[in-house]
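The sequence and coordinates come ahead of the text.

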Amino acid sequence: MKTIVGNVMPEETRMAILEDGRLRDFAVERDDDMHIVNHIYKGTIQNILPSLQAAFVNIGRRKNAFIYMGDMFPRAASKEEIQQMHLSVGQSVLVQIIKDEQGSKGPKATANISLAGRYAVLMPTVDYIGVSKKIRDEQERDRLRDIVAEIKPDGMGLIIRTVAKGVSREELLSDLQYLLRTWDSIRQRYALAKKPTLLYREADLVMRMVRDHFTADVKQVVVDSREAYERICQVFPGSQWQSRIRLYEGDEPIFEHYGLEEGLKGLMSRIVPLPSGGNLVIDHTEALTVIDVNSSKYTGNGTTLQDTIFHVNKEAAIEIARQLRLRDIGGIIIIDFIDMAQPLKRDEILQILIRETAMDCTKTRVLGMTALNLVEITRKKARQSLYQVQFDPCDVCGGSGYLYSAETVVLQIIRRLRHMAAAHQLRGDVLIEAHPDVLALLKDKKRKAEWERELKRTLYFEASGHPNREVFSILSYAP
């Protein structure tokens, strides 16, 4: 059974899902106006880039939204209709954000609107009926399709969500009516708005998490905010739901009470231990995320080398799928498994990855394994990952994770001194201000004496207060 735990503050909301006492899903959102995925705006085309088949749209924020031409037209539009629609700078458009701002890039948008409800997703611009693939019972899928075909407005699309399994026609109709009212309200606001502005705001993290995950297998939803508790109770008025919604009023913080804080610290670590003693090493780059699988301390307990490798890789495949969910890692992911010689075992590792990632609410595709045992995965990147939300690049190393060694900095200082001496820039004795680690090498008596003889100068040293050992200064002065 699952438990949904929420820690809500005005500045930050954290939501976690526990399954059998173990952290299964985690999300964090801050009230910094940067989370705008699924928000709907009235925008104005600011610039058209024919060579990229794209445009920039002013949505009333600091950064313009980027939109592909193909996403500028409703999905139901024919080729003739598209050709007749001449886009121009200054033209108003209704757009929905599908990807948050990432670094220097603005948000990404589409004109194909979708509105998520409890049981269904309304797509006003396309005539379509879909049922979640996670509902595998064919009779139930047919029942839901029949209901949707009966209640869906002509020319609009509806996708049935996984949580709709077993719900009645009345519940689906009620959800659809709510979505239709929301869509009418958005269109009215669009018609009245005179400039780029926000028309619709997606639900906050608390309501999204409860909306998407509060199902029959959830034992309890526990939050430490009375305001959030009352909102959840309003959305789920039935006694069968409210009996499972609880306001936490304990003395210790809610995440500590449920033993979550220690597990969350592990999500910030680059190295993730595996049960056998192996580990994962997760590194982020500009273009992709790389995950390396290592056997580390695991020796196999007398089994063959291939069995040892296979056991570590199996554990890694399960844990990698979990880490992708917990850290919300998106984009391109490359996994370097330990080399396996047997094709059947490679296939089994791939099947484990496919099975585990299928439980992810975010669309994830496992693309296969190369001859070098590298697995390529793509995972939809819409919101900022946990890594991006929690961290800034290091002011000392610039985000690289590395600094020059103390010996390297010493050589840079000596090289600079020799250049200054050759250019006749040394006017007298020399004062070197540097990091204590660097000074420890510079003060070596033998080396210092050699440099002073070579430069014909006395060297003086002073410790720098700068945390970066690469920073130093050289001051030459007459005695």
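Leaving aside its neighbours within four places in sequence, with which residues is His-435 in contact? With those neighbours left out, the contacts of His-435 are Ser-464, His-466, Pro-467, Asn-468, Arg-469 and Val-471, where contact means heavy atoms within 4.5 Å. His-435 lies in the loop between β22 (429–434) and α13 (436–442). Its relative accessibility is 15%, so His-435 counts as buried; buried means under 20% relative accessible area, exposed over 50%, and partly exposed in between, with a 1.4 Å probe and protein chains only.

The model is predicted: local features need pLDDT of at least 70, side-chain atom pairs count only at pLDDT 80 or more, and totals for chains, interfaces and linings use all residues. Residues are numbered from 1 along each chain as its sequence is written, and side-chain values use heavy atoms, with hydrogens and water left out. Helices (H or I, at least four residues) and strands (E, at least two) are DSSP runs, numbered from the N terminus.

**Loop residues with positive phi**

His-424 is not a glycine, yet its phi is positive, at about 60°. Lys-456, also not a glycine, has a positive phi of about 60°.

**Helices α12 and α14**

The axes of α12 and α14 come within 11 Å and cross at roughly 15°. Axes are lines fitted to C-alpha atoms, for helices over the stretch in contact, and angles run from 0 to 180 degrees between N-to-C directions. The two helices, α12 and α14, are therefore roughly parallel to each other. Angles under 35 degrees count as roughly parallel, over 145 as roughly antiparallel, 65 to 115 as roughly perpendicular and the rest as oblique. On the α12 side the contact is made by Glu-407, Val-410, Ile-414, Leu-417, Arg-418 and Ala-421, and on the α14 side by Arg-447, Trp-451, Glu-454 and Leu-455. By class these residues are six nonpolar, no polar and four charged. Ala, Val, Leu, Ile, Met, Phe, Trp, Tyr, Cys and Pro count as nonpolar, Asp, Glu, Lys and Arg as charged, and the others, Gly among them, as polar.

**Helices α4 and α5**

Helix α4 (residues 205–213) packs with helix α5 (residues 226–235) at an angle of about 40°, the axes being 11 Å apart. The pair α4 and α5 is therefore oblique. Val-206, Met-207 and Val-210 of α4 make the contact with Ala-228, Arg-231, Ile-232 and Val-235 of α5. Six of the contact residues are nonpolar, none polar and one charged.

**The sheet**

Five strands form an open sheet with mixed pairing, in the order β3-β2-β1-β14-β15; two strands pair if DSSP finds at least two bridges between them. At the edges stand β3 (22–30) and β15 (245–247), each with a single partner strand, so one side of each is left without a neighbour in the sheet. From one strand to the next the twist averages 15°.

Strands β1 (residues 2–8) and β14 (residues 218–223) run parallel and are joined by five bridges. Ile-4 stands opposite Val-221 in β14. Helix α4 packs on this sheet and touches β1, β2 (12–19), β3 and β14. The direction of α4 makes about 20° with that of β2.
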